[in-house]
Amino acid sequence: MAARRRVSIHGILFCLFCLALSAFAATALADDYPSRPIRLIIPFPPGGSNDVVGRIVANQLGQKLGQTVFVDNRAGAGGVVGTDVAAKSAADGYTLLIVSLAHAVDPWIYQEPFDPIKDFVPVAILATGTNFLTVNPNVPAHSVKELIDLAKAKPGFLNYASAGIGSFQNLGGELFKVLAGVNIVHVPYKGGGPSMLAVIAGEAQLMFSSIVQTVSNIQAGGLRPLATGGAQRSPILPDLPTIAEAGVPDYVAADWWGILAPAGTPAPVVDKLHTAIEEVLRSADTMKNLDQQGASPLHMSSAEFGAYIKEEMAKWGPVVQKAGMKAE
């Protein structure tokens, strides 16, 4: 009996020693981190909101950490392709993933080869931004009311472009269809950049694009803005009404962006990244760059961000099912 007790005590002591050794190794890793460039995977093509926000933060984060943070665009399947690459990457802090609302919506639409919660560790939320309802300048509608009248006069005639099934643009469009009672046709593209180019070129007539990717194209004259989907007017275009003000009550659509790391990334590394990102978000340069794009920085702990993702998944699941969104 005493021998077994000694073996048990020795076993416990050995386990404690191993845990202490692991903690020491993780702390030492964080002290040396980063010692080489960091890859930030953006699971959409260049030009979309994920890409815009990701590059703003990547540039500042690289300066803060003393190492290059380079962007790796891996588009496909509404963000699933790039997210899968991140999920299967080494959990060492040298591969990060930028996510948005699509990360909480895709599980309801796609058969994902990863678990959106268990296969990642939340690092930091970055910012939020509303959408803009914009049309090609040749569309004979200069207000939301005129657009609704046109859509009702010609059901199924107007096409709205999106970054893909389940994207923020798709959700914003479906919400508009339901609340405005119109029949407009969804045309998915492989990212926010390609979908916006399609509207500018006249392949599609309108879109509900993230404010972050839209402002420069409005200013260049490629798109005509009709309204913003926020709860309040945007300071970027203060004379532009909200969609709710313009005749579609209860319409509010907001996107968000954040950074995840592969599951198993050492906690001290995650903590170091979170601290650095928080400093970046509070810097004058980052706030100015985000503000110019119509985005507002958000601040949460890593754990709070993880809980927020779960809340968003629960919130949008019924919306996806009601709208009948399915992968094609």
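The protein exposes about 14,500 Å², and 58% of that comes from carbon and sulfur atoms (Shrake-Rupley method, 1.4 Å probe).

I note that this is a predicted model, where local features need pLDDT of at least 70, side-chain atom pairs count only at pLDDT 80 or more, and totals for chains, interfaces and linings use all residues. Residues are numbered from 1 along each chain as its sequence is written, and side-chain values use heavy atoms, with hydrogens and water left out.

Overall form. I find 11 helices and 10 strands in the protein (DSSP runs: H or I of at least four residues for helices, E of at least two for strands, numbered from the N terminus). The C-alpha trace spans about 90 × 45 × 30 Å along its principal axes.

Of the 328 residues, 52% count as buried, that is, under 20% relative accessible area with a 1.4 Å probe, protein chains only. I looked at contacts (heavy atoms within 4.5 Å) with a separation of 6 or more: residues 24 or more positions apart account for 79% of them.

Cavities. I take a cavity as a set of points on a 1 Å grid over the protein atoms alone where a 1.4 Å probe fits but cannot get out; lining residues have an atom within 4 Å of a point. The largest cavity is lined by 13 residues, and F44, S49, N50, A163 and Q169 lie nearest its centre. The elements giving two or more residues to this lining are α2 (49-65) and α6 (168-180).

Terms used. Buried means under 20% relative accessible area, exposed over 50%, partly exposed in between (1.4 Å probe, protein chains only). On a 1 Å grid over the protein atoms alone, a cavity is a set of points where a 1.4 Å probe fits but cannot get out, and a pocket is an open set with protein on both sides within 12 Å along at least five of seven lines; lining residues have an atom within 4 Å of a point.
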